[in-house]
Amino acid sequence: FRVGFVVAERVLYMPSMGYCILFVHGLSKLCTWLNRCGATTLIVSTVLLLLLFSWKTVKQNEIWLSRESLFRSGVQTLPHNAKVHYNYANFLKDQGRNKEAIYHYRTALNNNKAWDYLCWRFRKTLTDLP
């Protein structure tokens with residue numbers, strides 16, 4: 001889910017740990033109140049949920065493998081965010097993929113026309129072309 005700014009997953013780790021601790025504490029309390037069949041059902045459900053989140057983590061790690069996959073994922077997730085397109089364009093420019101970079105600079109400019117630094121970077125990319 002969206003956090004509010006680009007590539008902000010790093011700010012979710014500590015709060016997630018707190019929720020996990022509270023969840024396990026609540027689960028242990030609930031298991032003591034339930035009979036044996038109810039506790040077994042609850043534990044099986046929790047294990048399935050844990051497997052689902054583990055799978056999601058593995059899929060997210062694939063995105064974090066490289067800068068390109070990270071920025072490309074950001075563009076796919078937030079296509080109207082100027083900063084995401086700007087970051088991806090900078091990466092593409094550094095890789096020498098200027099035509100693709102120009103497309104993402106233009107998209108960023110269309111999404112945020114008042115970004116002066118972006119205009120400067122875009123003009124510089126155009127002047128650097130052979």
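A contact, in this tour, means heavy atoms within 4.5 Å. The model is predicted, so local features need pLDDT of at least 70 and side-chain atom pairs count only at pLDDT 80 or more, while totals for chains, interfaces and linings use all residues. Residues are numbered from 1 along each chain as its sequence is written, and side-chain values use heavy atoms, with hydrogens and water left out.

Begin with the whole chain in cartoon view. The chain has 6 helices and 0 strands, where helices (H or I, at least four residues) and strands (E, at least two) are DSSP runs numbered from the N terminus. Of contacts between residues at least 6 apart in sequence, 38% join residues at least 24 apart. Buried residues (under 20% relative accessible area, 1.4 Å probe, protein chains only) account for 29% of the 130 residues.

Next, display the aromatic side chains. The structure holds 3 aromatic pairs; rings of Phe, Tyr and Trp (its six-membered ring) pair if their centres lie within 6.5 Å, with planes under 30 degrees apart counted as stacked, over 60 as edge-to-face and the rest as tilted.

Select Phe71 and Phe91. Their ring centres are 6.4 Å apart and their planes stand at 55 degrees, so the pair is tilted. Phe71 belongs to helix H3 (residues 67-77) and Phe91 to helix H4 (residues 82-94), so the pair ties together parts 20 residues apart in sequence. Phe71 is buried at 15% relative accessibility, as is Phe91 at 6%.

Move to Tyr86 and Tyr105, a tilted pair with 6.1 Å centre to centre and 55 degrees between the planes. Tyr86 lies in helix H4 and Tyr105 in helix H5 (residues 98-111). Tyr86 is buried at 8% relative accessible area, and Tyr105 is buried at 0%.

Key: Buried < 20%, exposed > 50% of the residue type's maximum accessible area, 1.4 Å probe, protein only.
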